[in-house]
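Please read them with the sequence and coordinates open.

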Amino acid sequence: MKVDMIEDLQQARDAWIHRLVTYVCERWGHEVEPELLAPHVQTDPLVRALALSKIAEGDTRAWPPTVIAEDLRTVGLLADVPIERAVSGLVLPVVRILRREGAPWARWWDVAGLFTVLLELWIGGRKQEISKDDVAAELIEVWGISEDFIKSLIRNSSNPFMYMPPDLLRDSPCGPTAQVLRELVETYYINLDRHEKALETHPELVKRPDLAEVARRFRHWRVLQQALPLLRGIPQSKRQAITQDLECFDRQMSSLVHSLTGYEVRLIRGVEPDELYRYRCLVAAQGIYEQWLLNDDSLPPAIEFCSGGDVPQWIHDEVVAGGGRTSRTNVGPHPLWLATAETPAHEASIRMLSIEGAACKVGHEIKDDEVVLWLILPLAPGDPGPAARVPFIYSLDIVNGAWQLLHLSAVGRVRLTAVRLTDEGEPRLIGAKVLTLPPDACAELGGVATTALRTLVGDNLQSILWRRGTEGLDQQAKSAFRGNETAKGEDLRDEFILPLEHNAHPVWDEFREAARELARARSQLATAVLDGLPDSSLREGVAAAVESRQRALEVARADPRSDVRTSRHAEDLARSLPSDHDAFVHLFVLNDRLSAVIGRVVGGQPHFELLPYSDVSVERLTRAVDAWSRLPHARVGQEWYRYFGMLITAFEGLIRLLAEALERHGITKVFLSPTTPLDLLPLHAVPLEDDRAVFLGDVLTDVAYIPTAHMLRAVTQTVRRPATCPAVVIGHGRSAVFEAEMVAGIHEGATLLTEEAATPGSVLCAITGARIVHITSHGFTHSNRWASGVELSGNTRGASTLTTSRILAEADLSSADLVVLNACRTGTHVSTARIVQTLRGVESAFLARGAKAVISTLWEITNLHAAVFSVLLHANLAEGASVGDSYRAAISYLRHGQWQSTTRQEWRTQSAEMLLDETFDGVLDDWREHLTRQAKGDPFFWAAFKITGSI
């Protein structure tokens, strides 16, 4: 070969090396403090690029920044500076750019590939300075390369083209080869145009004329080698000469290949059309990132599995607000998986991942429209199995799902973050680990993803970036609704409510029985907690019952005869909203901002609308609500009312947007599902105008609360048992008995239980078969939400309390149209968790056991306040008015001060006032004046009552 050509090829390669090294140093190093690197690293661009690439490699292994910095110091790449400074001025700047942009070369997703290329280039130059043995030692000591891998690297050369073989189409050492090959081309026996076109269209070879020339010669050799056995009529001497040329070429090409980097060798050997298509798809989608995933603490590092630290905000939003228990995404070149442990056994299996040698497998299931990857967890000691399986779903009918699957298959590993849920539903960090996927699985998954992308975008690869960022915007509202249904319905989904389908599979009956057994265990523990008794054995019993329930749930979900895996959120919405004028609204938090998603039905089909995010910091709002909820209501008009006014004002902008949207769609009835901290506030009383004369309840006929559309469907459409008693009224306490007697007198045939007769057991027995249940007593909240409830009669506090857990364990309210909990704070809680758990308040326990609607209170109410509301409510109910109409009439009476009216009232209101006059005669003759004073002191006193359920 001509010396000039070898020099030209070498210069082209050197220019590529210079561009690559310079670009790596510029992109990863422009925010780095260079003096933090050791002097010899600062002065050698290739070593500097390698050091920066080593930092990025550490991040792909999920190393903590401090560990990466310590590693640099150990191998002599770091200057003599404190580790904290190295982390802030060197490691984190590289990591931030890596997670935002990927690796600074053509294959931005392949961080390990870039590190290997730079390392091979360094070897080629280093071998000219020191011996091979010394180079091998540096590879081990400085760059952390294993001895097995060194053998494939050490043969790299800084001048590989000295081994360049001839182009057999133009030059043949033994004579006839070039002539024969040209004849084959001219007679169309061999077609080289296809190969030449491949060279011209491959993006990476277009920028490497040196490698393109090598690839061209390699292809000429290969096609002749393949054609030679098929040729007829060639003299034996000529055939032998051609064979000698081919063998000589093979030896030279082998030496050349061993002198190049592995990346260059792969380019020379060529790629299949699907592989080239995958490469272009990956390149086309670079640049999409989610800002909240780029914070320094967004990706927990792979440290020793911990006991439960705080999780990044995005994980909290995914688990709490979004309802996800598993999720997948990517941050720059990192595929991410998030897994949530819900039971101790599940957590123990996840923790086994931190043990060296623990068996962990990744399986996959390919369906028509999705791919499910299963993380099969190792069994913890003493766990009889079966092994827990964590699913990660990649949709093939949208570009982002197919592309993320392609990206995962190209990277070949995934960064798993595991969290656990506390009893309060808060996620706590377990740990992180990088999992390697089997190569054969990656190949198969890459093929599936490629096929999906060909169907979705074809050759219009420029659309991938845009579609990754915008595709599914119309689905975001639906996804937000579905996520809220999952998050807020976790405690109740198919658990206590009666089956919606009469032919429900027996595996679900077993699950429901396990759930009831858990409720019984929690009830026993709640009694002990309230009585201050030792509870260690009871807590162990609860833990065992939790595990049994989860096992039963997993068995039910996995049963092939069960269709639970099919999403029914849209069906729930369609069947729970019978009118086009009804809507269901989920309020939720994402990235510390509040938003709402509206679900409604038009022509029998569900429609979803996502409202813009508010500009209110939910974290600050939560602190304010917490401070307000701790203030005694007796100070109303002072701190309590001042805080309340501030809180109402804070989110009235979002409620106004909501009201406008509902009014635009002609909605007259809305079911609200608030998130924390809004679940402690009366959203129905949020003012829509500056003068605070118009409220959300004024622009809508009905405003009710309920956790999920699934629960709304359950309480409206499950089989109802005929009522055997019109009303059961329970009163405990002097003033409560006074109210209970009034209410019982309104309903003919009502059952009245008061004082000693009103024990939790007798109440649970009496309310079975009742159409209306009214409980007036003292309500209280507890940090253990299963111990919250209402106080009745009993020897101890535990024995006298009708707790949330006991209601779940023993109550049957399948005949009840309404339960009235006319006691203080029966619609609130003292939980510190940021998630609205379905069973956080006692009201939801009654819904879970079959009641269609529950009226409860958000703060303390006076005895007069409670009595007037109750009499107005039941006076309407007794005359045949609906629950919604009766509630609305009672609220309107209080809000508008109708007791002060001098005009003739509606006849049911007159009847109620006559009863109040008669009952208060001689006891509180001036009840109207007392009520007026209460209303003046608290203009929102009417808003304390809320209704939850179906109206």
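1. Helices here are DSSP runs of H or I with at least four residues, strands are runs of E with at least two, and both are numbered from the N terminus. Contact means heavy atoms within 4.5 Å. Buried stands for under 20% relative accessible area, exposed for over 50%, and partly exposed for what lies in between (1.4 Å probe, protein chains only).

2. This is a predicted model, in which local features need pLDDT of at least 70 and side-chain atom pairs count only at pLDDT 80 or more, while totals for chains, interfaces and linings use all residues. Residues are numbered from 1 along each chain as its sequence is written, and side-chain values use heavy atoms, with hydrogens and water left out.

3. Helix H4 spans residues 65–74, and its buried residues are Ile 68, Ala 69 and Leu 72. Seen down the axis of H4, they fall within an arc of 95 degrees, so they line one face of the helix; the arc is taken from the directions from the helix axis to the C-beta atoms. Just after H4, Gly 76 has a positive phi of about 85 degrees.

4. Not counting residues up to four places away in sequence, Leu 672 touches Val 585, Leu 587, Leu 658, Leu 683, Leu 696, Val 703, Ala 704, Tyr 705 and Ile 706.

5. Glu 755 sits in the loop between strand S14 (751–754) and helix H31 (760–766). Its relative accessibility is 27%, so Glu 755 counts as partly exposed. Neighbours within four places in sequence aside, Glu 755 is in contact with Gly 731, His 732, Gly 733, Arg 734, Val 737 and Ser 793. Leu 792 is 37 residues from Glu 755 along the chain, and their C-alpha atoms are separated by 7.4 Å.
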